[in-house]
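Have the viewer open while you read.

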Amino acid sequence: HAPPPPAPAPALRTPVARQADPVAESSAADFAREGELSFRQRDYKSAVRAWRHAILDDPQNGTIVLMLAQALFQAGEYDEAAGAVQGGIMMMPKDKWGVVVTNYKDLYSDTQNYVDQLKSLEKAVKDKPKEPALRFLVGYHYLYLGYPAEAVREFKAAEEVAKNDKALKELMELAEEEAKKKTDKPDTLPPAEAPKKPDAQ
């Protein structure tokens, strides 16, 4: 092994608060790739592990946080998935909030896995209609799959319990705008099945 290069003299160091660490960045990229590979092989727990490592190395990378949210969703860890969505979108510009869900066909080797897991989430919502994290998560998926009216309904149900949630408020405004745009188009059903209104009001 070659000896490590000498550290630069203090005067040569760039005086910035947060220097980009090329080693950490390349390590984050490696873990991100590893996570994608595991995800495509349906090993969601390994994907979660790899993406958590990537985030440690690159904590401001909102896209990886949203990838982690998707792996947690697939692993059935809905509360954590909802938390990761909230964290991820707060790091990103609005037009990138749905980057993972809108591109799900690139991420999954078989999109049926996504449809099936969405059905499981819908069932969880039906079983626990007062859980804001579940409502938030299913609303987020509906919004970026192109069903803003259903998303608004879920966000409103979540808001009854979680009044001051910034991410929820912003997503709801976005969903309402999208739903207005779609009012002149006929209703279509979400990919899993038509979401049923919860029994508990």
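Is H3 largely enclosed by the rest of the structure, or largely open? Keep in mind that this is a predicted model.

1. **H3, burial.** Largely enclosed, because twelve of the 13 residues of H3 are buried. Among them are Ile 64, Leu 68, Gln 70 and Phe 73.

2. **H3, geometry and ends.** The helix passes a quick length check: at 1.5 Å a residue, 13 residues should span 18 Å, and the end C-alpha atoms sit 19 Å apart, which agrees. After H3 comes Gly 76, with a positive phi near 80°.

3. **Gln 70.** This residue belongs to H3, which covers residues 62–74. Gln 70 has a relative accessible area of 2%, so it counts as buried, the cut-off being under 20%. Leaving aside residues up to four places away in sequence, Gln 70 touches Phe 39, Val 100, Val 101, Leu 107, Tyr 108, Tyr 114 and His 141.

4. **The whole chain.** You'll find ten helices and zero strands. Of the 201 residues, 43% count as buried. For contacts with a separation of 6 or more, 63% come from residues 24 or more positions apart. The accessible surface is about 11600 Å², and carbon and sulfur atoms make up 54% of it.

5. **Salt bridges, Lys 94 and Glu 170.** The whole structure has ten salt bridges. In one of them Lys 94 pairs with Glu 170, the closest N and O atoms being 4.0 Å apart. Lys 94 is in the loop between H4 and H5 while Glu 170 is in H10, so the pair ties together parts 76 residues apart in sequence. Lys 94 is partly exposed at 40% relative accessibility, whereas Glu 170 is buried at 18%.

6. **Arg 135 and Glu 154.** Here the closest N and O atoms of the salt bridge are 2.7 Å apart. The pair links distant parts of the chain, with Arg 135 in H8 and Glu 154 in H9, 19 residues apart. Both residues are buried.

7. **A pair within H10.** Glu 178 and Lys 181 form a salt bridge at 3.0 Å, N to O. They sit three residues apart in H10, about one turn of the helix. Glu 178 is partly exposed, with a relative accessible area of 30%, and Lys 181 is exposed at 53%. Elsewhere, salt bridges with shared partners join Lys 94, Lys 166 and Glu 170 into one network.

Key
Residues numbered from 1 in each chain as written. Predicted model: local features only at pLDDT ≥ 70, side-chain atom pairs only at ≥ 80, totals over all residues. Heavy atoms only, no water. Helix = DSSP H or I, 4+ residues; strand = E, 2+ residues; numbered from the N terminus. Buried < 20%, exposed > 50% of the residue type's maximum accessible area, 1.4 Å probe, protein only. Contact = heavy atoms within 4.5 Å. Areas by Shrake-Rupley, 256 points an atom, 1.4 Å probe, with all protein chains shown as cover. Expected span 1.5 Å × (residues − 1). Salt bridge = Lys/Arg side-chain N within 4 Å of Asp/Glu carboxyl O.
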